[in-house]
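Here is a short briefing to read alongside the model. Take a look at the structure, and then we can walk through it together.

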Amino acid sequence: PFLQGVGRSLIMVGFLGALTTFSSFAFDSFTLLEKQQYGVMIAYMTASFALSLAAFFLLYHLTKWGLS
């Protein structure tokens, strides 16, 4: 089989973790929309996106520097 043991577990945990994280983000955004808190919703969505990109680039560069 393609994946067994630890490799399969890591991929499943990563997939399910990403799925639940995105679901929480969508639910929180929609809840703010329903409450007509548009400014808070836009700030929440913008901050979440910006911080996730910043974390990605930081870890990408730390990994790149550490492996060179």
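In which helix does G5 lie? G5 lies in helix α1, where helices (H or I, at least four residues) and strands (E, at least two) are DSSP runs numbered from the N terminus. This is a predicted model, in which local features need pLDDT of at least 70, side-chain atom pairs count only at pLDDT 80 or more, and totals for chains, interfaces and linings use all residues. Residues are numbered from 1 along each chain as its sequence is written, and side-chain values use heavy atoms, with hydrogens and water left out.

**Overall form**

- The chain holds two helices and zero strands.
- Its C-alpha trace spans about 50 × 35 × 10 Å along the principal axes.
- The radius of gyration is 17 Å, while a compact globule of 68 residues would be near 11 Å; the radius is taken over C-alpha atoms, and the globule rule is 2.2 Å times the number of residues to the power 0.38.
- Buried residues make up 4% of the 68 in the chain, where buried means under 20% relative accessible area, exposed over 50%, and partly exposed in between (1.4 Å probe, protein chains only).

**Helix α1 and its residues**

- Helix α1 has 30 residues and reaches 43 Å from its first C-alpha to its last, close to the 44 Å expected at 1.5 Å a residue; the expected span is 1.5 Å times one less than the number of residues.
- G5 counts as exposed, at 53% relative accessibility, and its C-alpha is separated by 36 Å from that of M45, 40 residues apart along the chain.
- S29, also found in α1, is buried with a relative accessible area of 7%.
- Leaving aside residues up to four places away in sequence, S29 touches M41, Y44 and M45, with contact meaning heavy atoms within 4.5 Å.

**The loop**

- Q36 sits in the loop between α1 (5-34) and α2, and Q36 is exposed, with a relative accessible area of 56%.
- Phi of Q36 is positive, near 60°, in a residue other than glycine.
- Most residues other than glycine have a negative phi.

**A nonpolar patch**

- F49, L53, F56, F57 and Y60 form a nonpolar surface patch with about 530 Å² of accessible area together.
- Patches are made of residues with over 30% relative accessible area and no salt bridge, joining like charges within 9 Å and nonpolar side chains (Val, Leu, Ile, Met, Phe, Trp, Tyr) within 5 Å; a salt bridge is a side-chain nitrogen of Lys or Arg within 4 Å of a carboxyl oxygen of Asp or Glu.
- F57 lies in helix α2 (residues 38-67) and is partly exposed, at 43% relative accessible area.

Note on methods: Accessible areas come from the Shrake-Rupley method with a 1.4 Å probe; for residues, only the protein chains shown count as cover.
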